[in-house]
Amino acid sequence: MKQVVQNYKSGELAVLDVPVPGCKPGGVLVRSAFSLISTGTELMKVSEAGMSMLGKARSRPDQVAKVMQSVATNGLPATYRKVMGKLDSYTPLGYSLCGVVEQVGAGIDDVAVGDLVSCAGNEHALHAELNWVPKNLYARVPDGLAPRHAAFGTVGSIALQGVRQGEPQLGEAALVIGLGLIGQLVVQLLTASGVRVVGADPDPVRCELAERLGAVAAGDPGSAAVEAAVAELTDGHGVDQVYLAAGGGSNQPVELAARLARDRGRVVDIGKCRLDLPWNAYYEKELDVRFSRSYGPGRYDPGYELEGRDYPIGYVRWTERRNLACFLDLVARGRVDVEPLISHVADFDDAVETYQRLKDGELKAVAVLFRYPGPAAEEKPPAPSVAVPAVPAVRRGGGVSAPARSAGAPVRLAFVGAGNYATSMILPHLSQRDGVTLSTVVTTTALSAANAQRKFGFAKATTDLDAVLDDPAVDAVFVVTRHSSHADLTRRALLAGKTVFVEKPLALTEDELAGVLAAVEESGNDRIQVGFNRRFAPLLREARNRFGARTGPASLRYLVNAGRLQQGSWYLRQDSEGSRFAGEGGHFIDTASWLLDADPVSVYAAAPAGNEDLQVVLRYPDGSTATISYVTTGASGFPKETLDLVADGKVLKLDDFVRASVYGRKRWVSSRLPKARDKGQAAELAAFVAAVRTGGPMPVPLESLVATTAATLAVQAGLVGGAPVTLARAR
């Protein structure tokens, strides 16, 4: 088998072929699926190995003391041979992994071959294809928890033990200094415990990540922002607990802890940082300084770790193993989210290169995983899939799919919702259109309905949705509410026999999408349009016509410079309204699919740690690909949407719906004079109104709307699974 090792004398890192460990009694043999690199502890060890002998001595004064004692006892020559022999040997790396039980040793009855377990220990959960793990250093992975997430078990236990040492209580406030891997987990554990948290770290990316994961505020420990946040949060009293999760030689963390802790507060040391306690500051506040010893009670006790002797739960509630199981349960239930911490997943064979990139600073990471070959890595083969529901067949004339209308009668429209988008991008186009009557506007608050009635001339304003759905005079209903209500309102309008225009997204979950299609089947009404307007943009349509037909596969690149949202935006309410990409990503997937004249067959999504940027790769039946870069960290002055389509020796280029060009045998460039951006709303609405008026086909086939929605949902599934998601068509 293969294992990652390091020579502490030379600093050499290698992946060696070593014998498979035997399966001894009292433990299990585990085949690794994912193992976690601790970017703090392990990189410190790797960096130390690259130092000179003097540097090694300075970094480990405890070991120097042992050497001096050995010289006094055994003499210099013997001690020298002993030390050099130990230094010039390969040592293992790693201490946190998830894998599959391959063999069960005598005396083990709590797991079986094939079970997924999370393993701990710097002698037993190594970066190796196979490890023997004693009973008290593994825990069964809860059903449904991904192996890559279960690989965080050990570091999660370290963070959990640190939080237990702080004894947090509901409503308290805490400061976490150091927002690396352990610090980010401590933030989440405290938040889950009902504690309000402020974070401190010089890295702004890590501060932003901590705020996303629950911190009230986070900032540079050297700035006034952290002290101001603590003062505001605690009415000037100081935090109840400080968690030192930082490393390095600076004494700043313990000094900051003294300033920002309340009288008789608790200071918990989890990381390995300098601890020159300023006596006066700690004495005057009578601060309680506590140390957190690794994963919990049992650590460093051979009887517990190697011989399997557990501590009675009545005397020791939280042991190493019980901490490990508790953390896995928290992740499985969604109380702790480790996915945003994963900066990079590397194949195990690339271990040496990965360590070198981390050491050199080329790879900036909070957490890095090794993925191992073979069936143990359940998340790679088989690829996850998202079902694209079959669109029910609707018999024309057999249902309510095209209500009868009098010739020349105006199209009567009702609006459910009248927010910013509806009043700025939709209603201005409809209110001035001949042959359209704005019948009724429905909102949840009376005033917003009255405002819309006054501004756009609706005949009626109400807060009663049923009054619209039951009104036979209404031909079509526009659903322009918040995302979480789109699917249900669309379903109800379809069942009421209305033609429906729903702003994106059509649905936020597979179940919601299935519910809409069930309504289509039940009612026989398939007359629906989703607000994917970009395919109707005149400039893009002209560019597509100039590009012409293609014979070979195409490559499409779409950069969406989305920018940051303002604090308080309801788009940030991901628990109720879905992710930002789930809300508007369908725009860009639909545009790509329309340009490529097909629906995607697979989706791959990746996101860097610390921000909301996304890379989405769509694959199409003919081999074409579309890459959508959805970024929030770009410059505000750069255009929002730029697109390139390349195929058959031709290139189509779109610059933010202002200019377009096509390069081929002949070059075509749209007018270079600045013009207003037209993203197709007016043309889309004209096509929709025409379909309602004539009873003809809807502007976009329902099959395409469903495929785009399923592909958008697959992005989140791909982010969770870390692998391409197949879009399986239902039959």
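Reader: Which residues make the nonpolar surface patch of about 260 Å²?

Author: In this predicted model, the patch is made by L277, V289 and F291. Of these residues, V289 belongs to strand β14. Its relative accessible area is 30%, so V289 is classed as partly exposed.

Reader: Where does β14 stand in its sheet, and in what order do the strands follow one another?

Author: The general idea is that strands of a sheet pair through backbone hydrogen bonds, and that this pairing is either parallel or antiparallel. Here, six strands form an open sheet with parallel pairing, and their order is β11-β10-β9-β12-β13-β14. Strand β14, residues 288-291, is an edge strand, as is β11, residues 217-219; each of them pairs on one side only. Direction ignored, neighbouring strands of this sheet are turned by 20° against each other on average.

Reader: How many bridges join strand β9 to strand β10?

Author: Five bridges join β9, residues 173-177, to β10, residues 196-200, and the two strands run parallel.

Reader: Which strands does helix α9 lie across?

Author: Helix α9, residues 224-234, lies across β9, β10, β11 and β12. Its direction is given relative to β10, to which α9 runs at about 170°.

Reader: Let us turn to charged side chains. How many salt bridges does the structure hold, and which residue forms one with D240?

Author: The structure holds 34 salt bridges. D240 forms one of them with R262, and the closest N and O atoms of that pair are 2.7 Å apart. This pair links distant parts of the chain: D240 is in strand β12 and R262 is in strand β13, 22 residues apart.

Reader: What is the case for the salt bridge between D276 and R274?

Author: The side chains of D276 and R274 meet at 2.6 Å, N to O. D276 is partly exposed, with a relative accessible area of 41%. R274 is likewise partly exposed, at 41%.

Reader: Why does the salt bridge between D590 and R535 tie together separate parts of the sequence?

Author: The closest N and O atoms of this salt bridge are 2.8 Å apart. D590 lies in helix α22, whereas R535 lies in the loop between β23 and α20, so the pair ties together parts that are 55 residues apart in sequence. D590 is buried, with a relative accessible area of 0%. R535, at 10% relative accessibility, also counts as buried.

Reader: Which residues are linked in a network of salt bridges?

Author: Such a network links R557, D644, K653 and D655.

Definitions and conventions: Residues are numbered from 1 along each chain as its sequence is written. This is a predicted model: local features need pLDDT of at least 70, side-chain atom pairs count only at pLDDT 80 or more; totals for chains, interfaces and linings use all residues. Side-chain values use heavy atoms; hydrogens and water are left out. Two strands pair if DSSP finds at least two bridges between them. Helices (H or I, at least four residues) and strands (E, at least two) are DSSP runs, numbered from the N terminus. Axes are lines fitted to C-alpha atoms, for helices over the stretch in contact, and angles run from 0 to 180 degrees between N-to-C directions. Contact means heavy atoms within 4.5 Å. A salt bridge is a side-chain nitrogen of Lys or Arg within 4 Å of a carboxyl oxygen of Asp or Glu. Buried means under 20% relative accessible area, exposed over 50%, partly exposed in between (1.4 Å probe, protein chains only). Patches are made of residues with over 30% relative accessible area and no salt bridge: like charges are joined within 9 Å, nonpolar side chains (Val, Leu, Ile, Met, Phe, Trp, Tyr) within 5 Å. Accessible areas come from the Shrake-Rupley method with a 1.4 Å probe; for residues, only the protein chains shown count as cover.
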